[in-house]
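Thanks for coming. I have one structure to go through today, so please look at the screen.

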Amino acid sequence: MSKSVVPAPAADFVVPAPPTVSLAVVGSDARFPVRRVYCVGRNYVAHAQEMGFSGREPPFFFLKPADAVVPAPADKPITIDYPPLTKDLHHEIELVVAIGEGGRQIRAADAMRHVYGYAIGLDMTRRDLQADMKKQGRPWCIGKAFDQSAPVGAIVPAKDAGDIAHARIALAVNGKQRQHSDISQLIWSIGEVVEHLSNAWTLAPGDLIMTGTPEGVAAVVPGDRLVGTVDGLPSIDVRIR
Ligand code: MN
């Protein structure tokens with residue numbers, strides 16, 4: 001084994017080590033450390049249709065970097081900056097699943113054992129750049145995985161979150177409702193998402209899964225205030241600067 005793959009017990013780093021991004025947990029002083037952010041694309045029929053698809057194609061995955069997460073404390077507003085390069089920044093309200101126990105090839109029926117809890121997230125999207133990448137058959141990173149692209153609220157442990165599989169999900173911008181649906185409308189259920197994902201990657205504690213957005217995605221501009229809600233979870237309140 002080469003020496004370079006064995007880290008010293010208390011390693012010195014040649015540049016500052018990145019901080020661990022973490023989320024508040026309702027009812028706990030301890031926080032949830034974020035490892036990876038998996039995202040599900042087109043997991044609601046009506047959203048797939050508004051994006052020009054039939055809604056009968058299977059959903060799929062992409063990722064955001066962990067440090068794209070902007071942690072929102074429970075019921076306290078946060079601010080994000082309008083990102084560069086885009087003229088069409090879209091909101092996507094999503095249920096976020098927080099993985100507490102890792103694994104691979106997890107069956108949907110066993111998935112809940114691996115779920116620590118749930119939060120509300122926004123999959124902010126530079127839609128014009130994403131559309132351009134789609135047209136060219138190139139990766140979506142520049143449209144999806146930019147700085148501050150994933151505001152996420154406080155996590156509620158699964159046992160305290162109620163019947164999340166049948167919770168209402170909604171987003172209002174400046175007090176007007178833009179998106180509203182129900183988690184029961186997911187094409188891949190929470191369990192099925194965990195099954196598909198864990199067939200492709202090994203899940204680990206700290207992984208977040210943004211489960212997809214319902215219909216009604218649209219643009220926001222600096223000064224807008226986005227309030228996302230899911231029954232049983234603390235709302236997320238995000239201002240665009
Ligand atoms: Mn999304």
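This is a predicted model: local features need pLDDT of at least 70, side-chain atom pairs count only at pLDDT 80 or more; totals for chains, interfaces and linings use all residues.

Residues are numbered from 1 along each chain as its sequence is written, and side-chain values use heavy atoms, with hydrogens and water left out.

The protein chain has 4 helices and 17 strands; these are DSSP runs, H or I of at least four residues for helices and E of at least two for strands, numbered from the N terminus. Its radius of gyration is 18 Å, close to the 18 Å that the globule rule gives for 241 residues, so the chain is as compact as a globular protein of that length. That radius is taken over C-alpha atoms, and the rule is 2.2 Å times the number of residues to the power 0.38. Of the 241 residues, 48% count as buried, meaning under 20% relative accessible area with a 1.4 Å probe, protein chains only.

Glu-94 sits in strand β8 (residues 93-99) and Asp-123 in the loop between β9 (115-122) and β10 (125-126), 29 residues apart. Both Glu-94 and Asp-123 are buried.

Next, helix α4, residues 190-200. Its buried residues are Ile-190, Gly-191, Val-193, Val-194, Leu-197 and Ser-198. They cover an arc of only 155 degrees around the axis, which puts them on the same side of α4; the arc is that of the directions from the helix axis to the C-beta atoms. These residues pack against several strands, among them β8 and β9.

Last, the cores. A nonpolar core is a set of buried Ala, Val, Leu, Ile, Met, Phe, Trp, Tyr and Cys residues joined through side-chain atoms within 4.5 Å. The largest has 43 residues, and Tyr-118, Met-124, Ile-164, Leu-226 and Leu-233 touch the most other members. Helix α4 and strands including β8 and β9 each supply at least two residues of this core. A second, separate core of 19 residues includes Val-25, Val-96, Val-152 and Ile-155.

Methods
Buried means under 20% relative accessible area, exposed over 50%, partly exposed in between (1.4 Å probe, protein chains only). Contact means heavy atoms within 4.5 Å.
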